Amino acid sequence: MKKHSILFDIILALLTAGLWNIWVQRRQIRDTNTLIGEDKYSFLKWGIFSLLTFGIYHIYHEYIMTKDILSNLNNDTAELLSVGAAVCSAFGLWILVDAFHQQKFNERYVDEIKSLS
């Protein structure tokens, strides 16, 4: 897990009409699996199911991934924020959800670096 620029991801996602987000999803799926310590999420499954359901699976994916990320970080509002992530994704604001996920990964990365010092 590495620290990544949220602003860079947002700008590239906007400039590429969302195509950059495919890479961001791959990276965040990998980081989530690392964070929770199991291979629960699959990039291939996400891609196929999102295409077959015309994006509906992506909404569920953002909900459950947000819940797992926050639960692992001992966040008491995991359920509420997960519902918010699903609602944002349903209204096309997936870029905000991915920025939120990256913020949480970056915070975890900084905490790990501090603990090594």
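Is H58 buried or exposed? H58 is buried, with a relative accessible area of 10%, where buried means under 20% relative accessible area, exposed over 50% and partly exposed in between, for a 1.4 Å probe and protein chains only. The structure is a predicted model, in which local features need pLDDT of at least 70 and side-chain atom pairs count only at pLDDT 80 or more, while totals for chains, interfaces and linings use all residues. Residues are numbered from 1 along each chain as its sequence is written, and side-chain values use heavy atoms, with hydrogens and water left out.

H58 belongs to helix α4, residues 56-72, the helices being DSSP runs of H or I with at least four residues (strands are runs of E with at least two), numbered from the N terminus. Setting aside residues up to four places away in sequence, H58 touches Q25, W46, S50 and W94, a contact being heavy atoms within 4.5 Å.

On a 1 Å grid over the protein atoms alone, a pocket is an open set of points with protein on both sides within 12 Å along at least five of seven lines, a cavity is a set where a 1.4 Å probe fits but cannot get out, and lining residues have an atom within 4 Å of a point. Grid points are joined across faces, edges and corners, and a volume is the space filled by probe spheres set on the points.

At the start of α3, S42 caps the N-terminal end, with a side-chain oxygen 3.4 Å from the backbone nitrogen of L44. Just after α3, F54 takes a positive phi of about 55 degrees.

The count of cavities of 30 Å³ or more comes to one, and the largest cavity has a volume of about 70 Å³. Its lining includes N21, W20, V24, Q28 and D98, and the elements that give two or more residues to the lining are α1 (6-15), α2 and α6 (94-116). This lining divides into seven nonpolar, three polar and two charged residues.

D98 lies in helix α6 and is buried, with a relative accessible area of 3%. Leaving aside neighbours within four places in sequence, D98 is in contact with N21, V24, Q25, Q28 and E62. The side chains of D98 and N21 make a polar contact at 3.3 Å, that is, a pair of N or O atoms within 3.5 Å of which, within protein, one must be able to donate a hydrogen and the other to accept it, residues adjacent in sequence counting only if both atoms are side-chain atoms. The C-alpha atoms of D98 and N21 are separated by 8.4 Å, although these residues are 77 residues apart along the chain.

The largest nonpolar core has 12 residues in all, among them I36, Y41, W46 and F105; such a core is a set of buried Ala, Val, Leu, Ile, Met, Phe, Trp, Tyr and Cys residues joined through side-chain atoms within 4.5 Å. Its largest share, five residues, comes from α4.

Note on methods:
Nonpolar A, V, L, I, M, F, W, Y, C, P; charged D, E, K, R; others polar.
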